[in-house]
Amino acid sequence: MNILSLFVIVPVLTVIGIMFTRNMKQTRVVAAAGMGIQVLLTGILMYLYFGERAAGNLAEMVLVKDIVWYESLNIRYTVGVDGIAVAMIALTSIIIITGIFTSWEVEYLSREFFISLIILSTGVYGFFISLDIFTMFLFYEVAVIPMYLLIGIWGSGRKEYSAMKLTLMLMGGSALLMVGLLGIYYNSAPDGGPLTMNIMEISKIHIPVNVQLFLFPFTFIGFGVLGALFPFHTWSPDGHASAPTAVSMLHAGVLMKLGGYGVFRIALFLLPDAAQSLGGIFIVLTAISVVYGAFGAIVQKDLKYINAYSSVSHCGLVLFGLLMMNKTAMNGAILQMISHGIMTALFFALIGMIYGRTHTRMINEMGGLMKVIPFLSVAYVIGGLASLGLPGLSGFVAEMTIFVGAFEHPDMFHRVATIIAVSAIVITAVYILRVVGILLLGPIKNKDFEGMKDAKWFERLSVSALILAIAAIGIAPFWLSEMIGFSLDPIVSRLLAAL
Amino acid sequence: MNFTYTVLIPLIPLFTFLFLGLASGRIKPQLGGLIGTTGLFISWILSLMTVFKYFSLEKVDGAYQQIIGYNMVWLNFSDKLHIDMGVFIDPISVMMLFVVTTVSFLVHVYSLGYMKGETGFVRFYSFLSLFSFSMLGLVLATNIFQMYMFWELVGVSSFLLIGFYYQKPSAVAASKKAFIVTRFADLGFLIGILLLSFNTGTFDFLELTNPQGAAMQTGSGAWLLGLSTMTWSLIFVFMGGAGKSAMFPLHIWLPDAMEGPTPVSALIHAATMVVAGVYLVARLFPVYALSAPVGLEIVAWVGATSSLFAAIIATTQFDIKRVLAYSTMSQIGYMMVGLGVSGYGGHDGLGYMASMFHLTTHAMFKALLFLGAGSIIHAVHSNVMNEMGGLRKYMPITHITFLIACLTIAGIPGLSGFFSKDEILAAAYHHNKAIFFIQMFVAGLTAFYMFRLYFRVFWNKEPHYHHTPHESPLTMTIPLMMLAFASIFIGYIPFSDYISSDFKPFETHIEGIIAIPSVLVGLIGIAIAWVMYKKDSDLPDRVSHGFRFFHRWAFNKFYIDEVYLFITHKFVFNRISTPIAWFDRHVIDATMDGIGWITVSTSRLIKPLQSGQLQKYGFVFLSGVIIMALVLLYAAFAA
Amino acid sequence: MIEGIPLHLILVVATVMFFTGIYGFLTRRNLITILMSIELILNSVNINFVAFNRYLYPQHLQGQFFSIFIIAIAACEAAVAIAIIINIYRRFTTINVEDVSEMKY
Amino acid sequence: MMLTASQFMFYFFALAIVIFSILTVTSQRILRAATYLLFVLISTAGIYFLLNYQFLAAVQITLYAGGIVVLIIFSILLTSHVGVKFDMVGWKKRLATGIAVAIGAILVITTILQYQFEASTEAARAVEMRWIGLSLLSYEKEGFVLPFEVISILLLASMIGAIIIARKEEKNESNN
């Protein structure tokens, strides 16, 4: 059995297992066990991956497995990973397990909750391992749909509205994407011969430039909606504000990364000529995203809104880095995906935990939490510092790689765009410190808060795991950056050839 | 010679930080303090070792060598650009090692007494360790990016320490202000680094500063506003340095930073972190001197302006820590002037040497002043001058050491401040007369405001104390005495034998034409202070009334804070952020909602057609059938 | 075969009955009267079957059998329909079709 | 012109069918409507008699007139107040439906009248009860065992269905 398929099979088995459980306690144990196996598998996968590379396997994708499942359209279940996919899978594993621990005490329909959550993760895993655009798209939809139920049923506030908005906007993105993907498929054999959906095969042929120019906006915007590209980002604040904690974590942490990953794996890899000629327009949009999201976050009052806008800014930076289309900046963009994923998951986990204690998310109604819940507050400060790019934490590594890479461009346009994006680091500091100052520091505002309990064991576990991941990337980025960099070579050479 | 062990100098504080940070709340406070202090003590010993070892090395061609003690690639950007982590040893880094570890160690010891019984004692020590780690990492950086990283880390440890009393809103506001202002400056620094690395293709100090190196030749063509890329990048880099060193107009955070515990002010906001900007310029000095003289000119003028500006404000303040903060700013202005008026190589590099010399002496006497102030505050429980007076009787050791520090800063011959300040003035005299006169005037002002402080606190009228002030414990007075000792004697080190812009020793001598007037100016300042403040009188009020317009401006710090407040609140918050948030909700989001609304209303419009009433369907069905039949019949007949 | 009566006439009668049933089906609001209209429709069909059988294929019996089956089915339908009607009445205390719209939309 | 007896009977039944059909769908009193329906069904049975299908006529009377109409009347009594006039739908709708139905009827009738049916000349087969019974159970040509069985299952199913549907929910006390 190919280890990659296990990443999809184990969640499915877990879901089946959960169906047989009787109460919340059993359910969460089964869920945690299943996702624990995923973490273990991730470890094995990394070992296998590095083993392959150490053994001198220089293929772009390793651990490839290919099964035809719909012959007449040549749709295949093709899986395989490179360093980037391995990194994304690791990110997913970290976040899903911490997400499960964060929702340790979901009591309302807990079985259904965990089932939806795990189906979502199945989609995400499937997306990252797929090499066939149809299978990839299928898993993409599998990841997006449970979101509707998760927000609509277990959410808070205007949950129906938000769930509907989020799902519809993402579906709209999917519709564009479908056009792009089918366009790629029907142009996958310009010299006649059988059409193919296999990414690696399509990457070897050259789709006519005028076709690429037509398909690129569809593909880029299609994935860009999920990556919170300005002006298609408005699902993010409402969706995140209404979603339950674990869903916000998973959504901002992993699902938004599907957008970036898709842009990278499909839009840039398969349509390099169009990427080179249309990149400029989208660079403007992403640079706007970066600054705009940061400014938007400054005046928000709801913790989740602040974080959602900050996600817009950070994810904008991901797309920005990718569009710079050189190895350093793209490396930074992938690092930023991972870094932002963990960081934002940490934030949402903490916001959920704070909300569970104070029953409000309005920063003006809170204050001085550092005194009452020191563990959570310190974790929040660490998350904030990572978010504003403190060296030694993951955000710094990612941002600096993007900036240095982006600045390598000899032309003025890219460098001015970079300077605009760089200026966001100050704005980020402003909104992070504003929140920290109002929320955690100062005197305790509400007498009711004085009796609050600090984190429980499962909360400590998930928060510590996330902080550890942030610090590990921040302190020793070398191996991760090398792993990603190696896998970037084929796409970068393709993009350069298109120049 | 092997310098690998120097890695330990920053790493030991890192470990104590991690240990204390994780163990905070689980170990006894005193034990935590001792662990932190011990860690720093080891670093201090190692630093002293390094100083002796390094300066006793064989010189090559009469110049000190630059040694990479340790190096590893930390993050690869591209083939050329990579961040390294390492230890760079050359005269100024060794000098800074000595300064940082000495002051830090003494502050650690001092805090054992000063912070005793405070909640968060262990947290305090872990933050101090974090700061020491970051500062040492900054000092030892082998490349500009490593420096930037540690630069940010000192920024954050400064943030944490200013906001140490996190339940006090003013402390929180001050810490935020410090972080954001320096962050804004760091933006300039980062852009400078990006420009610099883009031109030269390297971050490495060795390559950047090599006078014969390739890096020096790049980016010399005019680019923007007639200045070369190199000049621009160095101006941006200096912006970072100016922010961290509280140079005008990025100085506003420093006085507020005095909200932090006093030992922190001594360590971070007087002796070490704030001189990082000076150190940064000194580090890149060959580049400034050889490829961007305009940048150096800017450094000189910014330094001169800041020192004058701060000295004027210092004469009007009543909070003793704020007076010291403005004095710090003014003295750093001196150092910047020293660098700015310096040339490269030989005796031309006098300013460079003087600036480093002043950095060292200033670290000692300013730390002494702050720790002395801390001792006073510890005894009186107040920061404000009006609630003090006549303290010389109660606190003899503090009094004597404080007096020594005041005499040193006033530039009285024989004490260390005299030598270093004199050499800066000499360098300025030979380079730029206007700056020389400004600095001369500032010297007088310095003597005046320091002795104003001294007389107000230790002489003058005794206010009513709630409980009699008493001398501080030994843990606090021993560091005071040690620093007083250093303040007196450190000036006798022949600095030019060790530190120079081109690593080659040169001769210096005191020039009477500069030394005599400067001493006179200092004495005049002291005399005025003696007349006005030795005894309680209404003279100061009358004087300030005489200059009331000017006094009011100076007292309100020339309203710079208000300008900043206007920019941040009125402009960033109300004119940018709020409209953007509004725009997002009411334009972009509304568009998206509008699309949904159109869909829904279209659906509403056609919904009645599917009423669910079978009879309606039946009627439509029947009509349809009949119409179709008629049409078919008509067609049949027509055919 | 009725002496002196052509097939057309029987068919016309059945047609009138059929369309009357349809009219009732479309205009009545009461479920039971709708059911009665349906019975009319079925009945007219029966007449047609029988008439065709008698006039056109008197040697066969299919028409008659179809009528029998239709009557049986009509009986089933009436039974089930009335059960439903009674149930609806219990729940909504009305059997007016326009008032029973809970499951709509 | 003299009418033969059977002609007279036919016209009588035909007129009754038309009149009572229309009354059935227009009467505002539900019980009367049911009664008119009964007359329609009995008249239909009369036509079957005239056509010499006695068995069918008997079935028509027993099942339709006797069974279904009684069922309908029962349900009317269960669900409506006797004698209550219920309101009709709006006149516009009635008019529209009437016009549509009239056009349809005219269309169909003209079509029928224009078509020349070829009346069979073969001798009519005698319809004996025994013969009907045998045909129903026969599986040979002109045998109807399959529909017969299907109908029987349908009857069973609808019987069960009717019971299940009409039964009160278990919680309520049963009065059946």
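User: Which residues of H6(D) are buried, and on how many sides of the helix do they lie?

Analyst: This is a predicted model, in which local features need pLDDT of at least 70, side-chain atom pairs count only at pLDDT 80 or more, and totals for chains, interfaces and linings use all residues. Residues are numbered from 1 along each chain as its sequence is written, while chains are lettered from A and ligands numbered from 1 in the order in which they are written. In H6(D), the buried residues (20 or more other C-beta atoms within 10 Å of their own; exposed means 12 or fewer, partly exposed in between; C-beta atoms placed from the backbone) are D:Ile151, D:Ser158 and D:Ala162. They cover an arc (of the directions from the helix axis to the C-beta atoms) of only 35 degrees, which puts them on the same side of H6(D).

User: Against which element do the buried residues of H6(D) pack?

Analyst: Helices are DSSP runs of H or I with at least four residues, strands are runs of E with at least two, and both are numbered from the N terminus. The face of H6(D) turned away from its buried side carries exposed residues, among them D:Glu149 and D:Ile160. The buried residues of H6(D) pack against helix H3 (62-92) of chain C.

User: Which element gives the most residues to the side of chain D that touches chain C?

Analyst: Contact requires C-beta atoms, placed from the backbone, within 7 Å. By this criterion, 69 residues of chain D are in contact with 63 residues of chain C. Helices H1 (5-26), H2 (30-50), H3 (54-79), H4 (91-114) and H6 (145-166) of chain D each give two or more residues to this side. The most, 13 residues, come from H3(D).

User: Which pair of chains has the most contacts?

Analyst: Chain A and chain C share no contact, their closest C-alpha atoms lying 18 Å apart. Chain A and chain D do not touch either, with nearest C-alpha atoms 27 Å apart. Among the 4 pairs of chains that touch, the most contacts are between chains C and D.

User: Which residue is the bridge partner of B:Met72 in S2(B)?

Analyst: Strands pair if DSSP finds at least two bridges between them. S1 (residues 67-76) and S2 (residues 82-89) of chain B run antiparallel, joined by 8 bridges, and form a hairpin with 5 residues between them. In S2(B), the partner of B:Met72 is B:Met85.

Methods
Two residues are in contact if their C-beta atoms, placed from the backbone, lie within 7 Å.
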